[in-house]
Amino acid sequence: MTIVPMRDLKNTVEIERKCKEENGPVFVTKNGYGRLVVMDMEFYERLINKVHNDNPTIREFDFSSLEISHKDITE
């Protein structure tokens, strides 16, 4: 498990490398408390597929409705 302080997010190349090496989430702290989770897209997709396949209730949920674009976030 990798934990980094918020200020390390400035170095995006290093965060990306840690996500790839960890093959899982990188936890980001602010003032010593958990604040964010950053993960590689491949890991995220595997995680969502596993949750989707293992849980009948979630299996019925339409995850395509969660797709958002950069434009959606910045508006």
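Q: Which residues does T29 touch, not counting residues up to four places away in sequence?
A: This is a predicted model, in which local features need pLDDT of at least 70, side-chain atom pairs count only at pLDDT 80 or more, and totals for chains, interfaces and linings use all residues. Residues are numbered from 1 along each chain as its sequence is written, and side-chain values use heavy atoms, with hydrogens and water left out. T29 has its place in strand β2, where helices (H or I, at least four residues) and strands (E, at least two) are DSSP runs numbered from the N terminus. With contact meaning heavy atoms within 4.5 Å, the residues that T29 touches are I3, V4, P5, M6, G34 and R35.

Q: Is T29 buried or exposed?
A: Buried means under 20% relative accessible area, exposed over 50%, and partly exposed in between, with a 1.4 Å probe and protein chains only. The relative accessibility of T29 is 19%, so this residue counts as buried.

Q: In which sense do β1 and β2 pair?
A: Two strands pair if DSSP finds at least two bridges between them, and 4 bridges link β1 (residues 2–5) with β2 (residues 26–30). Within this pair V4 stands opposite V28, and P5 has T29 as its bridge partner. The sense of the pairing is parallel.

Q: Which residue in the hairpin of β2 and β3 takes a positive phi?
A: Strand β3 (residues 33–38) runs antiparallel to β2, joined by 5 bridges, and V26 stands opposite V38 in this pairing. The hairpin has 2 residues between the strands, and the residue with a positive phi, near 55°, is N31.

Q: How far apart in space are E22 and T2, C-alpha to C-alpha?
A: E22 lies in helix α1 and is partly exposed, with a relative accessible area of 28%. Leaving aside residues up to four places away in sequence, E22 touches M1 and T2. Although E22 and T2 are 20 residues apart in sequence, their C-alpha distance is 7.2 Å.

Q: In what order do the elements of the protein run from the N terminus on?
A: The protein has 4 helices and 3 strands, and buried residues make up 15% of its 75 residues. From the N terminus on, the order is β-α-β-β-α-α-α.
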